[in-house]
Amino acid sequence: MISIITPAFNPGKYILDVHKCLQNQTYKNFEWLIIDDNSNEANKKIFKNLAETSPLNIRIFHNEANIMQSASKNIGIQNAKGRYIKFIDADDMIDNYHLENQLKATLAANSNQIIFSPTINFYINDSGHLIKEVNNSYKLVDSNIESQLALFMYKPFFHHCGCLYDKELIKNTFFFNEELITDEDGEFILRLMLKGYTFICEEKSNYLYRNHLGRRVS
C-alpha cells in the first residue's frame with residue numbers, strides 16, 4: 001500500500017482537486033492522510049465531509065496548533081500504514097497514472113535509487129488562461145550522485161512531492177527538520193543525496209505544482 005500524506009492549512013476548494021485526482025488513479029491500493037494544521041471551521045467541515053462521503057481510504061489528523069509543514073509531514077510519516085510514502089501538497093495534483101507508474105519504477109529500481117517524475121508548474125494568467133510549464137532541468141543531470149547534488153544546489157530539478165519514498169528509509173533516518181519553516185523539502189532532499197541516494201526520473205507521469213504567484217517556479 002502507498003500512504004499519501006497531505007499537510008493542509010485552510011486549502012479551501014483546492015483540496016477537492018487533490019481528492020478528484022486521487023479518485024482517478026489507476027492504482028487503487030493507497031490511503032490518504034490529511035494532516036489538518038489547525039485550519040478554520042469551514043475547512044474542517046470540508047475535511048470531515050471528505051472522510052465521511054468519499055469512497056477513498058481517508059484518515060484525518062487534527063493539529064491543536066499551527067505547527068507548520070515539517071511537523072505535519074512527520075505526523076503523517078509516523079501514522080502511515082503503507083509500504084511507500086507519497087507527499088501531495090493540498091493545492092497540487094498528480095496525473096491519473098502517477099501512482100501506478102511510480103510504483104512499477106520503484107520496484108524495478110536499486111535500493112539506493114528514489115523515483116521521481118517531472119514537475120509541471122501551472123497557473124492562471126491575467127487573461128484567465130491556464131498556463132503549464134514543465135521543469136525540464138532534470139534533463140541536465142545523469143545518475144551520478146555528485147552531478148545530481150551539484151545541480152540541485154542551484155537548480156532543483158524535481159519537486160520532493162514528485163517522488164515515491166520507501167517508508168522505512170524516511171522513518172528510520174530522514175524525518176523532516178522541524179526547525180525549518182521554509183524550504184524543508186530542499187533540505188530533506190539534500191540530506192538524502194549526501195547519504196548517497198540518487199534520483200531516477202520516471203517520465204510517463206508528472207507532478208502538477210500550482211503556482212499562485214503567476215510566474216514559473218523551477
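Is Met68 buried, partly exposed or exposed? In this predicted model, Met68 is partly exposed, with a relative accessible area of 34%. The residue sits in helix 3. Its backbone stands out: phi is positive, at about 80 degrees, although Met68 is not a glycine. Most residues other than glycine have a negative phi.

A second residue shows a positive phi. Asn10, also not a glycine, has a phi near 50 degrees. Asn10 lies in a loop, between strand 1 (2-8) and helix 1 (14-23). Its relative accessibility is 30%, so Asn10 counts as partly exposed.

The overall architecture was considered next. The chain contains seven helices and 11 strands. Its radius of gyration is 17 Å, close to the 17 Å that the globule rule gives for 218 residues, so the chain is as compact as a globular protein of that length. The C-alpha trace extends over about 45 × 45 × 35 Å along its principal axes. Residues 24 or more positions apart make up 75% of them.

Of the 218 residues, 50% count as buried. The accessible surface amounts to about 10,600 Å². Carbon and sulfur atoms contribute 49% of that surface. The chain carries 23 positive and 26 negative charges.

The cysteines were checked for pairing. The structure holds zero disulfides. For Cys163, the closest cysteine sulfur is in Cys161, at 8.6 Å. A disulfide needs sulfur atoms within 2.5 Å, so 8.6 Å is too far for a bond. Cys163 is buried, with a relative accessible area of 0%. For Cys201, the closest cysteine sulfur is in Cys163. The separation is 9.8 Å, again too far for a bond. Cys201 counts as partly exposed, at 26% relative accessibility.

Several loop residues were then examined. Asn63 lies in the loop between strand 3 (58-62) and helix 3 (68-79). Asn63 is buried: its relative accessible area is 8%, and the cut-off for burial is 20%. Beyond residues up to four places away in sequence, Asn63 touches Ile35, Asp36, Asp37, Asn38, Ser72 and Ile75. The C-alpha atoms of Asn63 and Ala8 are separated by 10 Å. Along the chain these two residues are 55 residues apart.

Asn40 occupies the loop between strand 2 (30-36) and helix 2 (41-53). With a relative accessible area of 37%, Asn40 is partly exposed. Its C-alpha atom is 9.9 Å from that of Gly12. The sequence separation of Asn40 and Gly12 is 28 residues.

His159 belongs to the loop between helix 5 (145-154) and strand 9 (163-166). At 13% relative accessibility, His159 counts as buried. Which residues does His159 contact, leaving aside its neighbours within four places in sequence? They are Asp89, Thr119, Tyr207 and Tyr209. Arg59 is 100 residues from His159 along the chain. The C-alpha atoms of His159 and Arg59 are separated by 24 Å.

Thr182 lies in the loop between helix 6 (167-173) and helix 7 (184-194). Thr182 is exposed, with a relative accessible area of 59%; the threshold for that class is over 50%. Phe199 is 17 residues from Thr182 along the chain. Their C-alpha atoms are separated by 22 Å.

Asn63 is buried at 8%, and His159 is buried at 13%. Asn10 is partly exposed at 30%, and Asn40 is partly exposed at 37%. Thr182 is exposed at 59%.

How values were computed:
Residues are numbered from 1 along each chain as its sequence is written. This is a predicted model: local features need pLDDT of at least 70, side-chain atom pairs count only at pLDDT 80 or more; totals for chains, interfaces and linings use all residues. Side-chain values use heavy atoms; hydrogens and water are left out. Helices (H or I, at least four residues) and strands (E, at least two) are DSSP runs, numbered from the N terminus. The radius of gyration is taken over C-alpha atoms; the globule rule is 2.2 Å times the number of residues to the power 0.38. Buried means under 20% relative accessible area, exposed over 50%, partly exposed in between (1.4 Å probe, protein chains only). Contact means heavy atoms within 4.5 Å. Accessible areas come from the Shrake-Rupley method with a 1.4 Å probe; for residues, only the protein chains shown count as cover. Lys and Arg count as positive and Asp and Glu as negative; His and the chain ends are not counted. The place of a charge is taken as NZ of Lys, CZ of Arg, CG of Asp or CD of Glu.
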